[in-house]
2 protein chains.
Amino acid sequence: MTVELISVGTEILLGNIVNTNAAYLSEKCAQLGLSCFYQSVVGDNEERLGETIRTALTRADIIILSGGLGPTEDDLTKETAAQILGRALYSDEHTKARIQEYFEKRKIVIAENNWKQAMIPEGAIIVDNENGTAPGVIMEQEGKHVILLPGPPNELIPMFEKDIIPYLQKFTSGIIVSKTVKICGIGESTVATMVKDMIKKQDNPTIAPYAKTGEVHLRVTAKAESEKEARRLIKPVVKELKERFGNDIYTTEDDVTLEKSVVDLLKANHLTAVTAESCTGGMLAARLINVPGVSDVFKTGFITYANKAKRRTLGVKKSSLDRYGAVSEKVAQEMAKGAAMITKADVTVAITGIAGPDGGTKEKPVGLVYISCNVCGKITTKEYHFSGSRNKIRELTTANALTLMRQCILKYYSEVTFGK
Amino acid sequence: MTVELISVGTEILLGNIVNTNAAYLSEKCAQLGLSCFYQSVVGDNEERLGETIRTALTRADIIILSGGLGPTEDDLTKETAAQILGRALYSDEHTKARIQEYFEKRKIVIAENNWKQAMIPEGAIIVDNENGTAPGVIMEQEGKHVILLPGPPNELIPMFEKDIIPYLQKFTSGIIVSKTVKICGIGESTVATMVKDMIKKQDNPTIAPYAKTGEVHLRVTAKAESEKEARRLIKPVVKELKERFGNDIYTTEDDVTLEKSVVDLLKANHLTAVTAESCTGGMLAARLINVPGVSDVFKTGFITYANKAKRRTLGVKKSSLDRYGAVSEKVAQEMAKGAAMITKADVTVAITGIAGPDGGTKEKPVGLVYISCNVCGKITTKEYHFSGSRNKIRELTTANALTLMRQCILKYYSEVTFGK
């Protein structure tokens, strides 16, 4: 079965917003085993929208439209799709009640035009919207399936996950299951080289690499008659990847981020951590603190941007700053040691670098970064050379600091959460 | 003149990457006064790509294709477009020399298939690529303009800015000039209400609101015969907006972010700033440090996530934590005061809040945040109620902390950078 995506909205055509819905829906459809050959974006214009829907009906089995289900006169996705399929609209009591309830809960007076959202094409399947007032609509006709979804991602995504995926699964012969193997500490091209033979001979499961900032993800996808069978196909491939990449794999779970893997590792080994940041200025701490429940292992962090702060707060020696400069292996080490001395934390990580765009020299160019990780008195310091904008360099630094934390903890502690 | 965008790439259809090129190109075309009615995405497939180009040729004057100009056999945008326009390809010596130079500079051996990128459709305009090996190509035929651009944004964007914009400007009757009025501290719906009358009667210039995290931008766009004339049209509208929003406008410059406006304000008033963060865990400091040259005004920051860290690092009283709780007006104030006492900074900002998803109670729900800003001993503390994910709440908190810093500095210092 083939699927075609139509995003409706003048704000996308004007470049006011990035079309993240299309990326989300494409990825989900690919995972479901539906082939997507075309995506379109069209404005809230009856004629052009109609033309786009008609074209899609000639070449796809399933057409997913998103956006244009709002209460204003501009919103005409439902009206246009219904007209093309020759269906009249009726006022649906169930949807009316849901809209009323939605507004009453929020103590907002309903505007008259909101009732437009309760108008449903005859014979359509209504998909309740748990996060807004526009219901989803599915119309089936002559073997074609036209699915209308609300545009806001916080309405579209939950609706798609809860109701549309089960609906679409009926049309895929067999079940698609994916597992993502997440790798840190190795570059994209090295990862690609290390799995080149596997990708070349792949069939079912397939392996697809995705480059992330400071990480590489390998998605292993299998198609089978049952979920159990798909998982059985995936297992040896993931095992092979684990053998090839070892501890550089930080997780095979979808909901585990690199920072969560570090926090889990700290928790499993009953360790506390402290950050001391210069050029990243809090980005590392901010990522760690994005993990719910981090308070067990992370209590405090320092941002020491100025030399004086490095000296006063962390006890970095004036002589080290003078002799080696703020961006040096020596100063990174002293920052990590100082943070450990003051806080008595088990793991301390220090970052100093030149994020640019100014401040680089021939000897110390923009992108030069030192990260030092102290685990119970054992210090590892690494030199990095990153490129990109100021923010890109800082993001790469932060991801590599998390990777170094992980590597150092694994080196000295046996409680590995690997593959958890 | 109308423009149509075609993004070529299987990776977009599979949802591996978000189509940011389309958003970028749409915005630029809108600014140029070109109307974009359709965008499409199609894979590296000759038949489907051909069909998409043919359809676009029937309905648009200018067709911009991006992607599919790489050296592999899969890449066939140039070959397909040339074939549709009935043009043979020839090996271009100038482009060959540029490709050779590109590889020699990087000390990489040229693979045989790279020469494919030097093949140019007969009679086409060649657009040199300063950041890669695939040149841009422009073909003009029967009043239509087909523009081929490389897919990687770091190649596409510089090429578009340098060569494609001047090329497209020839086709727009008159010049389009925009000015963005950036507002903080007022919600989107309030801003919309405050400019409703202006938007209703707008013609030239137009006013378009854009909601950002903790900010609202109003873009004022005018079309005229000359840039001078366009700027003359924009001026009274921006003046009217300045009268309505006053100091809540933090800038009217494109390259000034909220954090930069705060850093500029600190610099103009010769003030230093220090952050003390709990739930945001470094996000506020990280945003400030994203401003190049921040070192004049920002020296250090504290992340005090645990109560003990709040006490030990900032001198928050145990009795205050026990009596009012860590998330309270009192503790926020003591954090800000403590940071000022230790560092002698002129401006200190403290943040404490419940970012969730756990930790909320009936009295103190998830999303409750206190931000305290001390300017030379004068303390302002505000209570906020945010909603969304853990990360969303933290991002909203950070933006509002920057806004509060700005408001407090403006209250006590006269050196306003407003409208700078």
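This is a predicted model: local features need pLDDT of at least 70, side-chain atom pairs count only at pLDDT 80 or more; totals for chains, interfaces and linings use all residues.

Biologist: Which residue is the bridge partner of B:Tyr210 in β11(B)?

Modeller: That's B:His217.

Biologist: And what order do the strands of that open sheet in chain B come in?

Modeller: There are four of them, in the order β10-β11-β9-β12, with antiparallel pairing.

Biologist: Why is one side of β10 and of β12 in chain B left without a neighbour in the sheet?

Modeller: Because β10 (206–212) and β12 (249–251) stand at the edges, where each has a single partner strand. On average, neighbouring strands in this sheet are turned by 35° against each other, direction ignored.

Biologist: What lies across those strands?

Modeller: Helix α8 (residues 227–245) of chain B lies across β9 (175–184), β10, β11 and β12, and it runs at about 150° to β11(B).

Biologist: Switching to chain A: how many bridges join β10 to β11 there?

Modeller: Seven, and those two strands run antiparallel. One of the pairs is A:Thr206 with A:Thr221 in β11(A). The hairpin has two residues between the strands, and A:Gly214 takes a positive phi near 75°.

Biologist: New topic. Which residues touch the most other members of the largest nonpolar core?

Modeller: A:Val347, A:Met405, B:Val347 and B:Met405, out of 78 residues in that core.

Biologist: What is A:Met405 in contact with, leaving aside its neighbours within four places in sequence?

Modeller: A:Met405 is in contact with A:Val262, A:Ala273, A:Leu288, A:Val347, A:Val349 and A:Cys373.

Technical notes
Residues are numbered from 1 along each chain as its sequence is written. Chains are lettered from A and ligands numbered from 1 in the order in which they are written. Side-chain values use heavy atoms; hydrogens and water are left out. A nonpolar core is a set of buried Ala, Val, Leu, Ile, Met, Phe, Trp, Tyr and Cys residues joined through side-chain atoms within 4.5 Å. Buried means under 20% relative accessible area, exposed over 50%, partly exposed in between (1.4 Å probe, protein chains only). Contact means heavy atoms within 4.5 Å. Two strands pair if DSSP finds at least two bridges between them. Helices (H or I, at least four residues) and strands (E, at least two) are DSSP runs, numbered from the N terminus. Axes are lines fitted to C-alpha atoms, for helices over the stretch in contact, and angles run from 0 to 180 degrees between N-to-C directions.
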